[in-house]
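Trainee: I'm new to this one. Can we go through it together?
Mentor: Fine. Have a look at it and ask away.

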Amino acid sequence: MEVKNKILDKSFLKKILSSKGAYLLLLPGMGFFFTFILFPLIYSFRMSFYKWNIVDIGASNFVGFSNYVRVINDPIFIRATLNTIVYTLMTVPGQILFALVVAILLNQKIKGRTFFRVAYYIPVITSWVVVTFLFEYFFGSQAGLVNFILRDMLHLVDKKIMWLTDPILVMIPLILLGIWKGIGWSAIILLAALQSIPLDLYEAATIDGAGIWHKITKITLPLIRPTLVFLVVVLVIGGFNVYISGLLMTKGGKPLDLSHFILTLMYKKTFTYLDFGYGSATSYLLAAFIFVVSVIEIKLLRRKVEY
Amino acid sequence: MKRLIIFLIAIMLITGMTLVGIAEEKVTVTYWHTMGDTEEAALNKVIEMFEEQYANIKIKPTRMAYDDFKPALLIGIAGGVVPDTARLDIIWVPELAEIGALVALDEKMEGFDEIIANTYPGPTSTNFWKGHYYGLPQNTCTQILVWNKQMFEEAGLSGPPETIDEFVEDAAMFSNPDEEIYGYAMGGTYFWAPASIFYAMGGEVTDSGITTATGYINGEKSVAAYQALVDMYRDESLSPLLLGGGGIGVFEGLATGKYAMIIEGPWAQPILNSDYPDFEVNFALVPRGPDVTTSSVVGGENVVIFEGSQNKDEAMLWAKFLLSEESQLTMGEAGTMPTLSTVQGNERLPEYYDVFMEQLKTAKARVPHPKWAEMDNAINNAYQYMLRDEKTVQQALDDAAEEINRLIIEG
Amino acid sequence: MLTTKEEKIFRNIAYILLICGVAITLVPFIYMISASFKSQIYTFEYPPRLIPRDPTLVNYIKALGKDLFGINLLNSFFVATVTTVSTVFISSLMAYAFSRMRFPGKEVFFYILLLGMMIPPVMLIIPQFIIVKNLHLLDNLWGLIVVYISVTLSMQTFLLRSFFETIPRELEEAVLVDGGTRWDIFRKIILPLSKPGLAVVAIFTFLYAWDEFPWAHVAIREGSRRTLPVAIALFQSQYLTQWGLLFAATTVASIPAVIVFVIFQRYFIQGVITSGLK
C-alpha cells in the first residue's frame, strides 16, 4: 500500500522524469546485462530447485530446497568451502600488499619504466593453463625445480617434498600461483589510480617537511581509497571463484576429494556427474555468500570516500 | 528507387530459390569427434569415400577438445543444438543414453544385427544400456605391457614377465629409488590405470547384471589385486608417480630408462616413436593372473546418433559406413584400432596391432553404467586410502562397495 | 615531485626492489619461452635447464603452420577489439550515471549489476547458449562479442566508477557555472581526467576477450570461425600434451596482449590533475 502511494506521489514521478538522463546512460549497458546475464541468472536459479532433465526440461521434477540441503550436508562441499576461504584469505592481502609496493615503485620517474611495467604485467597475460602447469612442474616431487633447490642446492631438506599429493601442502603452490599471477593485475589498477592524485598535494607536503612514509599514508592511501575498495571486493570475488588452477593442479580435488575448491566441485558435479541441481545450488550458495560479503565490504570501506 | 527495390527482390528470390534447391539436394550430417591430426587426415579420406557413394549427403566433421567435449555436448543438448552423430568415449554412452539423448540403434537401424555380428563382443557391449544398444563400436583399444628391452637385457632377463608373479618379481629387481628407477609405473590412481592388472587377477567391480558391488569390488580376487599393487608400492618397485605428484611421465620414464615396464594403450607406439625416435618399442601381453579368463581392460570410442538430430536416416548411413571394412582399415592405418573381427590381421594394419588384438580377446569392459564416473571416483579414492596407509585394502574396498551400491540404487 | 635527498635514496631502493621482483615474476615466463625452443625430449629434463641445448624452431613452425592459425588469430583480434571498444564506451556511460547522478533505484541497479560478477560464468553458459541460439548468433563471432561485453560490463563499470569518484567535484562546478551541461562535464572533465582508468578497462577487456575459452569452445563449431585459445587447445591430443608446441603457440598468442598493454600504459602519467585547492 505504501509503495503504491509512493509511486502515485507526484514528486516521485517528477524525480524519475528528471533522472531520465541517468536511465538513458544506463540503457545500453542494462540491455546487454539483462539479456545475457540477468535472464540466464534467473534461469539457472530455477534449475537449483529441480532434478533437472536437460533433454526434456518439462520432465524435470521440482524438489524444493533438497539440492541445497544435499550441498550443505556434503562433507566434500564443506571441505571445499574451507579450502576456498583459506585461499581467499591468503591471496587477497598478498596481492594487494605486493601490488601496492609495485605500483608505488612503478610510479617513480625511473629508467626503463615501460620495461618494468610490462614485466610485472606478463604473469597476468600468460594463460592459466600454462602457468598452472609450470607451477606444477616446479613443485613436482620427482623432477621439480623447488625440490631441486631445497634439497640439492641448499640442502635444507633431505627428502623430496611431495607438494602436490598432500591435500594441505598442495595449497601452497596454489596460493603462491594465485598471488604471483594477481600482483600485476592489481598493480596496474593501482598505478592508474595513483595518476589521479593531484601532484600539488605532494608538493605542499614536501614544503611542510613531510617524509615519504607520511606522504604514502596521509595522501596516497586515503585518496585511492575508492580503488582499494574496488580491489578488495573484486579480489575476494576472484578468490572465491578460483577454478582453473585448482582443477589442473589437483586433477579435480585429488587426492580423496580433499583439495576441491567450491567451483571445481561444482564443475565436476555438473558436467562430469550430470547433477545440474547440485551444481546450480552450489553456485547460488556461493553467489549469495559473496554478495553479502561484498555489500559488507563496500559499506564498511566506502564510508569515508564522500568528500 | 522502384527499380532498385524490384532488383533487390529479384535477387532475394533467386538466392532464396537456389538455397532451397541446395537444401533439397544435399543433407548435411554433422559429426563431432576428438581426433588428433593423423586420425583427422584419415577421417577426411573416409568422408570423401562416403560422399562419393552418397552424393546427396555431406558430412561436416567438428573437432572438439577432449577435456571439454562432454560439457560442450551437454550444453548443446540443453540448448537443443546437437550434432547428428558423434564419436564418444565408451564410458559416456550409458549416461547419455540414460538421459534420453541417444537413439536406440537396435530398434531404429536397419541391419544392426548383421553389423554387430562382425564386431568384437567386448567393445560392442559398451553400447548396451537397459535392454538396448545406443551406439556402434567405432574403434577399440586395450592396454598391454610396454617394456624397456635394454633394461631387461642389462638385468640379465631374457624377456618380459608372463605371469603376475614373475611381473612382481622382475619389477622388484629393477627398483633403485635413489636414482628414481622403478620396475613399474602407472600414471594415476583412476581405475583405468591399474585396470589391466586388476582384471588379469580376476578382479570384478560388480556382478554382470550391475545389481551389487558387494562380494565383487571387495571380493577376494579384487582385494588380492589391489594388495599386490600396494605391496609393490611399499617395496618401491612401483613408482610414486601414481600419486600424482608431478613426477616423470610414463612414456618419458620408460624411454629414458627410469621405468622398466608400463602398461599402456596403442597410442604408446606413435608417441614414443615421435618423441624418442631412438627408443625401441616392445610390446607384450599383460602378465597372466592365476585365472586366465579375463585380462586387461577395453577402451575406445563408439559412434552414436542423437535424438535431437533432424537427419537420422542419413546419420545412420554414416554410422554404418564407419563400420565398413574400408573405413575401418583406413582409420586403422592412422592408429585407431578396428572393431571388426573380419579385418583382423589385414596387411594394411600395422604389425603392432596383433598383440593388442590378442589381448582384446580376453579384455573386459568397465561397468557400463550412467554413474560410472562416480564409481570410478569411489575406487580411485579407495586406492588412495590404501597407498596412504589410511585404510587396509579390505577396508577401503568395503567402503567403495558400499558407495557403488548406493550409486546403483540411485540409478 | 621535488627531488630531495630522501627521494633519491628512495628511488635507488625502488630500483633494487623492482629488479628482484622482476626476477621472480619472470621465471615461469622465461622458462616457457625457453621450453618452446626445446624438442619434446628435453622439455622437462632433470635437473631443469634454462638455456635449451639444441634449440629448435620446430614448435613455432608447427604452430604457425597449422592451417587456420592465421584466421584464428584474426578472429580473436576482431572479437577482442570490438568487445573492448564497446565495453569501454558502454561502461563509462554507466559508471558516470552511478558516480555522479541521483536517480531512484540507483543502489538497487548497482547491486544487481554487481551480481553479475558473483555468479560463476560457467553456470550461465546453458541459458546464454539458448539465448544466443534464438538470436541466430551461434557459430558467429558476434555471438561471442555480445556475451563478452555483458560479462565484462559489471566489473568495468564498478572499476570506472571508482575512478570517476576520485575526480574532485569542484572542477564540475566550474563547468556548470559557465553554463555547461552534464554531457559537457562527462566529455570535457570526466573522460579526459580518467584516461588512466579507461586505459585499464581497455587493457583488461581486451585480455579477457583474447583469452576466453569455455564460451568460445561451446558457441563456435566451425574451425574457420574459432578463436585462438580454442585453436590452441585443439593442438593437444587426448593422450599426450605437446608442451613445446603449446608453449610456442602461447608465446605467439601473448604478443598482441603485450602490445595492447604497451600502447595503453602510456596513459599512466601523473600530473594531469590538480586538486583545485590552490
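Trainee: How many residues of chain A are in contact with chain C, and how many of chain C?
Mentor: This is a predicted model, so keep that in mind throughout. In it, 82 residues of chain A are in contact with 89 residues of chain C.

Trainee: Which helix gives the largest share of chain A's side?
Mentor: Helix α3 of chain A, residues 20-47, with 17 residues.

Trainee: And how does that side divide into nonpolar, polar and charged?
Mentor: On the side of chain A that touches chain C there are 59 nonpolar residues, 19 polar and 4 charged.

Trainee: Now the helices. At what angle do α6(C) and α9(C) pack?
Mentor: About 160 degrees, with the axes 10 Å apart. Angles over 145 count as roughly antiparallel, so α6(C) and α9(C) are roughly antiparallel to each other.

Trainee: Is the crossing left-handed or right-handed?
Mentor: The crossing of α6(C) and α9(C) is right-handed.

Trainee: Which residues make the contact?
Mentor: On α6(C) they include Y148(C), L159(C) and F163(C), and on α9(C) they include G197(C), V200(C) and Y208(C). The contact residues of the two helices divide into 8 nonpolar, 4 polar and no charged.

Definitions and conventions: Residues numbered from 1 in each chain as written. Chains lettered and ligands numbered in written order. Predicted model: local features only at pLDDT ≥ 70, side-chain atom pairs only at ≥ 80, totals over all residues. Axes fitted to C-alpha atoms, helices over the stretch in contact; angles between N-to-C directions. Helix = DSSP H or I, 4+ residues; strand = E, 2+ residues; numbered from the N terminus. Parallel < 35°, antiparallel > 145°, perpendicular 65-115°, else oblique. Left-handed = near helix turned anticlockwise from the far one by under 90°. Contact = placed C-beta atoms within 7 Å. Nonpolar A, V, L, I, M, F, W, Y, C, P; charged D, E, K, R; others polar.
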